[in-house]
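Hi,

Here is the structure we talked about. Please have a look, then read on for what turned up in it.

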Amino acid sequence: MDTPTRARQSAEPSTHRIRRVVAASMAGTVVEWYEFFLYATAASLVFGTFFFPSSGSPLDGIIAAFVTYAVGFVARPLGGIVFGQIGDRFGRKPTLQATIIIVGAATFLMGCLPGFASVGYWAPAMLVALRFIQGFAVGGEWGGAVLLVAEQSPDRRRAFWSSWPQAAVPVGNLLATLVLLITSFVLSPAAFLDWGWRIAFWLSAVIVLVGFWIRRHVEEAPIFLEAKAQVEQEKATSFGVVEVLRRYPKGVVQAMGVRFAENIVYYIVVSFSIVYLKIVHSYDTSQLLLALLIAHVVHFLVIPPLGRLADRIGRRPVYLAGAILSATWAFFAFPMFDTLNPVVIVLAVTIGLVFHAGMYAPQPAVMAELFPTRMRYSGVSLGAQVTAILAGSLAPILATQWLRDFGSWLPIAIYIVVACIVTSIAVLSLKETRGISLRDIDAADAERTRRDAAKGAA
């Protein structure tokens, strides 16, 4: 065994340490995505009638609610830029502590807002403002959470360990769905629409305190501390969005491409499925939430094994399989919804999230391996969050509008196919990075910087 190999293996964290880091990362991610997806579910079920005036068509109110939902996605790239800069300069830990508090405060205040009947257009205006703040903080959350794990994972198991923060996302969604499900069962439909939905938003205060306390005990990755010390020693501004766009534009575009279909598929399956069943078939709200609850459990269970598979056979084949399978989903899922059979509906939603997991599980490893440590937070956050504007924010709006205009799910199915083609092309453009060392990526970046400096001097 050569010296570099022995040094690299000795530098790998113990299983106990990586589990502790994973737990801390997941705790905060569960909290923040509980709150973010709580809004998505409430927008489908409540906000269209509570915060907006009646127009005669229930789809108009839902479209308006999804537009405010999209505001959070517009804010996410801004949050990714700001918190990416902070995270690359000062560390992942303080950034993640800040984002969890901001998201929690915004979500709690949403539960206190008056409706349109009480204050008129001030109601949606305040909702939009809080939604923007919430999205701004979430924009800085995802990159930090996955990198906290990815940068401390063994090279040969990075996709597996970094898939766990991804698995925390359906847990957060599951909790949001569970709280809404319980309140919708316990309360009458009128009481639920009037005030019952607020309970889930108020509960965020308790969950935030727990997540913040757990996150206080997380440790920065040694590779980040080394990169930070190097930057300070060289007194160079070698981090941030401008630097990553200047030096790794291809990596940013690739990150956006692999994110595109994943983001669209998720929000069609999770958000628009509710709209379709509720509007087209007047399906029972509690049954809808129960179907999502079961699907989220399965989603959580399949993500880590698919991450492990990406470590064994490679990132590209797992991601590509997820994209190709997702392209087929709508063509059989909507006919399954039309049966109105509860078991068949649960199966359709669950299959959609399993296909989605093929893209979602290896995503943190794929993106982390595109950038060097000194600008990784900025690169990952920018690629992921800018895409969210073009993908996840528009997906439920476009799907609902097409359902209103055409009365058919076929345009939505075609939309998903196009998105999956874009992502498949992006995946095929990637180099296979299974088992690569992040230190090797940093070393290649340093060598490239030296060459560029030498050319500039010449």
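Of the 458 residues of the protein chain, 58% count as buried. Keep in mind that this is a predicted model. The chain holds 21 helices and 0 strands. Its radius of gyration is 22 Å, close to the 23 Å from the globule rule for 458 residues, so the chain is as compact as a globular protein of that length. The C-alpha trace spans about 70 × 45 × 40 Å along its principal axes. Take the contacts between residues at least 6 apart in sequence: 87% of them join residues at least 24 apart. The accessible surface is about 17400 Å². Carbon and sulfur atoms account for 69% of that surface.

Salt bridges next. The whole structure has 10 of them. One pairs Glu369 with Arg158, with the closest N and O atoms 2.9 Å apart. This pair links distant parts of the chain. Glu369 is in the loop between helix H17 (363–368) and helix H18 (376–390), while Arg158 is in helix H7 (residues 158–186), 211 residues apart. Both Glu369 and Arg158 are buried.

The loop between H17 and H18 also holds Arg374, which is linked to Glu243 in helix H12 (residues 241–247), 131 residues apart. Arg374 and Glu243 are both buried.

What about a salt bridge inside one helix? Glu447 bonds to Arg450, with the closest N and O atoms 2.9 Å apart. They are separated by about one helical turn, because they sit 3 residues apart in helix H21 (residues 438–457). Glu447 has 34% relative accessibility, so it counts as partly exposed. Elsewhere, salt bridges with shared partners join Asp155, Arg158, Asp311, Arg315 and Glu369 into one network.

Now the aromatics. There are 20 aromatic pairs in the structure. The ring centres of Tyr266 and Tyr267 are 5.5 Å apart and the planes stand at 80°, so this pair is edge-to-face. Tyr266 and Tyr267 are both buried. Phe334 and Trp409 are arranged in another way: their centres are 5.7 Å apart and their planes are at 5°, so the pair is stacked. Phe334 lies in helix H15 (residues 315–338), and Trp409 lies in the loop between helix H19 (394–406) and helix H20 (410–428). The pair therefore ties together parts that are 75 residues apart in sequence.

How accessible is each partner? Phe334 counts as buried, at 0% relative accessibility. Trp409 has a relative accessible area of 19% and is buried, because the cut-off is under 20%. Phe334 and Trp409 also belong to one aromatic cluster, together with Phe272, Tyr276, Trp329, Phe331 and Phe337.

Two arginines sit over rings. The charged end of Arg259 is over the ring of Trp142, 5.8 Å from its centre. The charged end of Arg448 is over the ring of Tyr248, 4.9 Å from its centre.

Two backbone points deserve a look. Most residues other than glycine have a negative phi. Ser282 has a positive phi, near 50°. Ser282 is in the loop between helix H13 (249–281) and helix H14 (285–313). With a relative accessible area of 61%, Ser282 is exposed. Leu340 also has a positive phi, about 60°, although it is not a glycine. Leu340 sits in the loop between H15 and helix H16 (342–360). At 37% relative accessibility, Leu340 counts as partly exposed.

Last, Val71. Where is Val71 placed? Val71 is in helix H3 (residues 58–90). Val71 counts as buried, at 19% relative accessibility. Leaving out residues up to four places away in sequence, Val71 touches Val128, Arg131 and Phe132. The C-alpha atoms of Val71 and Ala327 are separated by 27 Å, and these residues are 256 apart along the chain.

Best wishes

Terms used. Residues numbered from 1 in each chain as written. Predicted model: local features only at pLDDT ≥ 70, side-chain atom pairs only at ≥ 80, totals over all residues. Heavy atoms only, no water. Salt bridge = Lys/Arg side-chain N within 4 Å of Asp/Glu carboxyl O. Helix = DSSP H or I, 4+ residues; strand = E, 2+ residues; numbered from the N terminus. Buried < 20%, exposed > 50% of the residue type's maximum accessible area, 1.4 Å probe, protein only. Phe/Tyr/Trp six-rings, centres within 6.5 Å; stacked < 30°, edge-to-face > 60°. Lys NZ or Arg CZ within 6 Å of the ring centre and 35° of its normal. Rg over C-alpha atoms; globule rule 2.2 N^0.38 Å. Contact = heavy atoms within 4.5 Å. Areas by Shrake-Rupley, 256 points an atom, 1.4 Å probe, with all protein chains shown as cover.
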